[in-house]
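Colleague: I have this one open in the viewer and would like to go through it. Can you take some questions?

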Amino acid sequence: MSALRAAIPQHLRTFVEPQIEQLSLRMESVRSGLYATLPESLGEGFLWTAALGEDCLVNMHSIRLKKPLILEERPTDFFCVFSGSSATLRLLPNARTEVTAERENVLSFSQAGGTTRFLMQAGNLYKSTSIIYTPGYFEGLRKRFPDDFGDAEATMRAFGSASPSAEVRAILRSFNPERASLPGAAPYFHAKALEAATALSVCSHTGAEDEAGRTNRAIVERAEGIISARFSEGLTAKAIADELFVSRSRLYDAFRSVRGTGVAERLRAERMSAACSLLGSGETDVARVARAVGYARTSAFDEAFRRMFGCSPTQWRCRHLERPQIEPSQKHCEFAQK
């Protein structure tokens, strides 16, 4: 537990220490937070957790047990933004959202401190990503931004009644142990936690969106799900629109309204992000990377890559491997200037 005590403030450890103990996890430090895999004797999966300052904690786990286990938690008062599997959602005492998906149900809630116990069944997938805020987090925001955040308890109550938007869902997707091992992970996650709190503040102050806004967000959310799951295929904006039974112009308008950018740009960004991960490994040639991220022709991939980063995929990889300590965003700026 020495790694846990060094990485997580004492008042935040109460959210993760019982699980770590009961699941016999051996936590190891990564660039941002702690990570462990589940012992094979218990099942399969992992847990990653990271403290974001003194009053915010992010947890991500994916666990499938071989035998039932009663898991005990002893949290203090907190507010949570959550995305998780149906099995995990059913364990939450304050979950007011119906289970609508097998893997990704999103909600926000507040909970008083105390001891709670859950029965985790064998064979079920318990998977979730949670951003946990203590009252101190909102008190700090109130002092910094008095016009946007009220007192801590009132803020938590208001957020607890808000319905997380597609924006919050996208923010939760940005938290993962792979990103936690990269340079700049800590400030990136701090920014995302604040972004989620701000997004929920907007929801709690503006109330329900109009029907057109809700429809736009639903279209964008479904389109982003298709892109995230199948960007390696030969997807096009028209193919996505056809699958959603909307016109290409309707899909484009929804993205512009919700994201401020086009669906083609979102698809290209997803592909380029995956391409950078593959190129950075140094183990795959450029032609294979192109096919893996959905480009049938290497020349088309090369052209798209140059437009985004100002250099060829080969140049990007060489410079990345030569100077792995430099942030990708810094390298992209350097390449664009050369």
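This is a predicted model: local features need pLDDT of at least 70, side-chain atom pairs count only at pLDDT 80 or more; totals for chains, interfaces and linings use all residues.

Colleague: Which helix is Ala237 in?

Modeller: Ala237 is in helix α11.

Colleague: What about Val286?

Modeller: Val286 belongs to helix α14, residues 286–292. Val286 is buried at 13% relative accessible area. Its C-alpha atom is 8.7 Å from that of Asp302, and the pair is 16 residues apart in sequence.

Colleague: New topic: helix α15. What span should it have, and what does the model give?

Modeller: Helix α15 covers residues 298–309, which is 12 residues. At 1.5 Å a residue it should span 16 Å, and the end C-alpha atoms are 16 Å apart, which agrees.

Colleague: Which residues of α15 are buried?

Modeller: Phe301, Ala304, Phe305 and Phe309. Seen down the axis of α15, these buried residues fall within an arc of 110°, so they line one face of the helix.

Colleague: Why would residues three or four places apart point the same way?

Modeller: An α-helix has 3.6 residues a turn, so residues with that spacing point the same way.

Colleague: What follows α15?

Modeller: Gly310, with a positive phi near 75°.

Colleague: Now α5. Which residues are buried there?

Modeller: In α5, residues 135–144, the buried ones are Tyr137, Phe138 and Leu141. They cover an arc of only 90° around the axis, so they sit on the same side of α5.

Colleague: Back to the rings. Which residues form an aromatic cluster?

Modeller: Tyr295, Phe301, Phe305, Phe309 and Trp316 form one cluster. Phe301, Phe305 and Phe309 are also among the buried residues of α15.

Colleague: How many aromatic pairs in the whole structure?

Modeller: A search finds 15. One of them is Phe15 with Phe78, an edge-to-face pair at 5.4 Å centre to centre, with 80° between the planes.

Colleague: Where do those two lie?

Modeller: Phe15 is in the loop between α2 (10–13) and α3 (17–22), and Phe78 is in strand β6, residues 78–84, so the pair ties together parts that are 63 residues apart in sequence.

Colleague: Are Phe15 and Phe78 buried or exposed?

Modeller: Phe15 counts as buried at 6% relative accessibility. Phe78 is buried as well, with a relative accessible area of 6%.

Colleague: Which charges sit over rings?

Modeller: The charged end of Arg179 sits over the ring of Tyr188, 4.3 Å from its centre. Arg271 lies over the face of Tyr295, 5.5 Å from the ring centre. Tyr295 is also part of the aromatic cluster with Trp316.

Colleague: Next, voids. How many cavities of 30 Å³ or more?

Modeller: The structure holds one. The largest cavity has a volume of about 490 Å³.

Colleague: What lines the largest cavity?

Modeller: Its lining has 29 residues, and Gln19, His61, Glu73, Leu92 and Ser128 lie nearest the centre. The elements giving two or more residues to the lining are β4 (56–65), β5 (69–73), β6, β7 (105–111), β8 (116–120) and β9 (126–133).

Colleague: Last topic, backbone. Which residue has a positive phi although it is not a glycine?

Modeller: Ser24 has a positive phi of about 55°. Ser24 is in the loop between α3 and β1 (28–29), and at 45% relative accessibility it counts as partly exposed. Phe245 is also not a glycine and has a positive phi, about 60°.

Colleague: Where is Phe245 found, and is it buried or exposed?

Modeller: Phe245 is in the loop between α11 (237–243) and α12 (248–258). Phe245 is exposed, with a relative accessible area of 74%.

Note on methods. Residues are numbered from 1 along each chain as its sequence is written. Side-chain values use heavy atoms; hydrogens and water are left out. Helices (H or I, at least four residues) and strands (E, at least two) are DSSP runs, numbered from the N terminus. The expected span of a helix is 1.5 Å times one less than its number of residues. Buried means under 20% relative accessible area, exposed over 50%, partly exposed in between (1.4 Å probe, protein chains only). The arc is that of the directions from the helix axis to the C-beta atoms. Rings of Phe, Tyr and Trp (its six-membered ring) pair if their centres lie within 6.5 Å; planes under 30 degrees apart count as stacked, over 60 as edge-to-face and the rest as tilted. A charge sits over a ring if NZ of Lys or CZ of Arg is within 6 Å of the ring centre and within 35 degrees of the ring normal. On a 1 Å grid over the protein atoms alone, a cavity is a set of points where a 1.4 Å probe fits but cannot get out, and a pocket is an open set with protein on both sides within 12 Å along at least five of seven lines; lining residues have an atom within 4 Å of a point. Grid points are joined across faces, edges and corners, and a volume is the space filled by probe spheres set on the points.
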